[in-house]
Amino acid sequence: MRLARALELTHNIASTPNSLEGLDSLLDPALVEQAGVATMRKRRLPLEMMLWCVVSMALFRRMSVWDVVSRMGIMLPGQRPLVAPSAVVQARQRLGSEAVRQVFNLTQKSWHEAAKHPTWAGLRLLGVDGVVWRAPDTPENRTRFNAGTNQHGHGGYPQVRMVCQMELTSHMLVGSAFDGYCSNEMKLAEQLIDTTPEHSLTLFDKGFYSLGLLHQWQQSGA
């Protein structure tokens, strides 16, 4: 019931462009605290509030980042109501990626426990597959992530390669690994071994056929 309610809230919030209410029903504030996000010095945009901003950025992709921050009212009391774009970028850089990763891990664990997924022969059913995302076309992204090439040269956008692991009866993510376009999907899949729950059966397509990967996966747990 909690999972169904969370999905319903996600749909309702994302379908209402000017509404930023109800996020605390979608993401338990206690999970943010468990991620260890805290601002030691007084800033206009505390790190714990910036983490909420990252969640909102994913839901309200048509809104500018600084517009999301201003509408959310996540600044410290007594501050001016508007935020400069540069302040948001700097706050996001201070937050980094590790806190966001920890919140994802805590959230997916909580949601999977609440969902009580059906099993097959007593095993949880998981799948691993890859996808490629386009990134903004900046020199920094092209250097970090690279882009696809063909007979006409490089592609129009830098691309990020992602390999994700999901629970097959609900398509809820269990884990994911990211790297540049030229990275090897099987190498990324190896990073998901530690997130694989015991007593599970993981399905791969033929693109992941590697005796080393499959042997390591099978030997890592039950």
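The legends below describe close-up views of one predicted model.

Because this is a predicted model, local features need pLDDT of at least 70 and side-chain atom pairs count only at pLDDT 80 or more, while totals for chains, interfaces and linings use all residues. Residues are numbered from 1 along each chain as its sequence is written, and side-chain values use heavy atoms, with hydrogens and water left out.

**View 1. The largest nonpolar core.** This core has 17 residues, and those with the most contacts inside it are Met-50, Leu-51, Cys-53, Phe-60, Val-68 and Leu-95. A nonpolar core is a set of buried Ala, Val, Leu, Ile, Met, Phe, Trp, Tyr and Cys residues joined through side-chain atoms within 4.5 Å, where buried means under 20% relative accessible area, exposed over 50%, and partly exposed in between, with a 1.4 Å probe and protein chains only. Two or more residues come from each of α4 (47-59), α5 (65-72), α6 (85-95) and α7 (98-115), and α4 gives the most, with seven residues. A second, separate core of 10 residues includes Val-128, Val-163, Leu-192 and Phe-208.

**View 2. Helix α4.** Helices (DSSP runs of H or I, at least four residues) and strands (runs of E, at least two) are numbered from the N terminus. The buried residues of α4 include Leu-47, Trp-52, Ser-56 and Leu-59. The 13 residues of α4 should span 18 Å at 1.5 Å a residue, and the end C-alpha atoms are 19 Å apart, which agrees; the expected span is 1.5 Å times one less than the number of residues.

View 3. The side chains of Glu-98 and Arg-101 meet in a salt bridge (3.4 Å, N to O), a term for a side-chain nitrogen of Lys or Arg within 4 Å of a carboxyl oxygen of Asp or Glu. Both residues lie in α7, three residues apart, about one turn of the helix. An α-helix has 3.6 residues a turn, so residues three or four places apart point the same way.

**View 4. Salt bridges between distant parts of the chain.** Arg-144 and Asp-179 meet through their side chains at 3.4 Å, N to O, and this pair links helix α8 (residues 139-145) with strand β5 (residues 172-180), the two residues being 35 apart. Arg-161 forms a salt bridge with Glu-185, the closest N and O atoms being 3.6 Å apart, and this pair links strand β4 (residues 159-167) with helix α9 (residues 185-190). Arg-161 counts as buried because its relative accessibility is 13%, whereas Glu-185, at 23%, counts as partly exposed.
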